Amino acid sequence: MNGDPRLTLARADLADAALEGRRAASRYARPQRMQAVVPSAAIRREPTQGSEQIDQLLLGERFDILETRDGYAWGQAVRDGYVGYVAFGALAPEGPAPTHRVGVILTYGFEAPSIKSRPSGPISLNSLVTITAREGALCLSDAGLWIPAAHLSPIGEPSEDPAGLAEALIGAAYLWGGREGCGLDCSGLVQQVLLACGRACPRDSDLQQGLGAPVPETALTRGDLVFWRGHVAMMTDDRHIVHANAHHMAVVKEPLAEARTRIAGAGGGDILAFRRPSARLRPGG
């Protein structure tokens with residue numbers, strides 16, 4: 001039985017003990033749960049600095065490690081299930097359950113309860129923190145950073161307008177495998193804004209094409225998704241999309257018709273599907 005390798009913690013020599021009897025491997029082991037302690041950490045295809053970034057972990061996100069070698073941990077991101085290698089120094093043992101998530105596109109944390117103290121960041125939308133104290137307008141997180149209270153949302157209190165968050169990301173750089181507020185790819189953008197609104201969302205555009213239900217092109221509305229081969233965008237109204245794309249190397253808003261013509265002319269083919277994501281909320285953050 002073979003699962004999607006992007007989402008299956010298994011190699012020929014080693015696999016998650018939960019897969020024993022379902023996936024052949026020379027050895028099985030139980031993962032150790034860790035969490036990201038840096039603003040963002042690349043999940044790479046191979047355990048080298050120069051390897052392709054296929055996803056990212058954000059501050060506080062959990063990562064299940066099955067093996068550590070040469071300074072890299074091989075494991076699986078808990079939030080979106082992606083498997084790959086993360087620099088071990090970006091991780092620490094799992095702490096208390098998060099109480100809040102970052103609810104704005106970008107913020108900073110400070111080493112003391114003063115905005116004049118040394119900053120750390122930027123810290124991106126959907127980063128997870130456990131708040132342990134508050135002084136004035138700043139909250140102390142389990143990462144030892146003081147974060148503006150106005151930039152935090154309690155776990156279980158999602159945002160309401162994914163398209164509005166996508167529009168707030170306009171101007172962010174295009175970054176292959178990125179999910180952070182200053183750099184992301186097309187599916188990273190869609191995943192981030194849907195997660196912020198309490199909606200479960202896989203990492204890649206082909207997987208996201210299974211979200212929700214199909215919708216006719218004549219009935220498109222704000223928040224609907226548009227899929228090409230290897231690309232996804234979100235409608236902001238019945239005629240415009242917002243998307244991270246390599247043509248502009250940025251997140252942009254533009255008419256759907258213009259993007260459709262350009263993508264087809266560049267060999268990307270025509271639109272494959274229009275989907276309306278489910279409004280059903282996911283538990284937790």
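Reader: What is the mean pLDDT of the protein chain?

Author: The model is a predicted one, and pLDDT gives the predictor's confidence in each residue, from 0 to 100. In the protein chain, 97% of the residues reach 70 or more. The mean pLDDT of the chain is 95.

Reader: What radius of gyration does the protein chain have, and what would a compact globule have?

Author: The C-alpha trace spans about 55 × 50 × 35 Å along its principal axes. A compact globule with 285 residues would have a radius of gyration near 19 Å, so the chain agrees with that expectation, its own value being 19 Å.

Reader: How many helices and strands are there in the protein chain?

Author: Among the helices is α2, which covers residues 186-196, and among the strands is β10, which covers residues 100-102. For the protein chain, the counts are four helices and 26 strands.

Reader: In the open sheet of three strands, which strands stand at the edges, and why is one side of each left without a neighbour?

Author: The order of this sheet is β13-β10-β17, and its pairing is antiparallel. Between β10 and β17 there are three bridges, and R101 has S153 of β17 as its bridge partner. Each edge strand has a single partner strand, so one of its sides has no neighbour in the sheet; the two are β13 (128-129) and β17 (152-154).

Reader: Which residue takes a positive phi in the hairpin of β24 and β25?

Author: Strands β24 and β25 run antiparallel and are joined by six bridges; V242, for instance, has K253 of β25 as its bridge partner. Four residues lie between the two strands of the hairpin. The positive phi, near 55 degrees, belongs to M249.

Reader: Which residues are the closest to the centre of the largest pocket?

Author: The largest pocket holds about 570 Å³ of space. It is lined by 29 residues, and the closest to its centre are Y174, W176, C186, G230 and H231.

Reader: Which element gives the most to the lining of the largest pocket?

Author: By class, the lining has 10 nonpolar, 10 polar and nine charged residues. The elements that give two or more residues to this lining are α2, α3 (205-208), β24 (240-245) and α4 (256-265). With three residues, the element that gives the most is β24.

Definitions and conventions. Residues numbered from 1 in each chain as written. Predicted model: local features only at pLDDT ≥ 70, side-chain atom pairs only at ≥ 80, totals over all residues. Heavy atoms only, no water. 1 Å grid on protein atoms, 1.4 Å probe; cavity = no way out; pocket = protein on both sides within 12 Å on 5 of 7 lines; lining within 4 Å. Points joined across faces, edges and corners; volume = space filled by probe spheres on them. Nonpolar A, V, L, I, M, F, W, Y, C, P; charged D, E, K, R; others polar. Pairing = 2+ DSSP bridges. Rg over C-alpha atoms; globule rule 2.2 N^0.38 Å.
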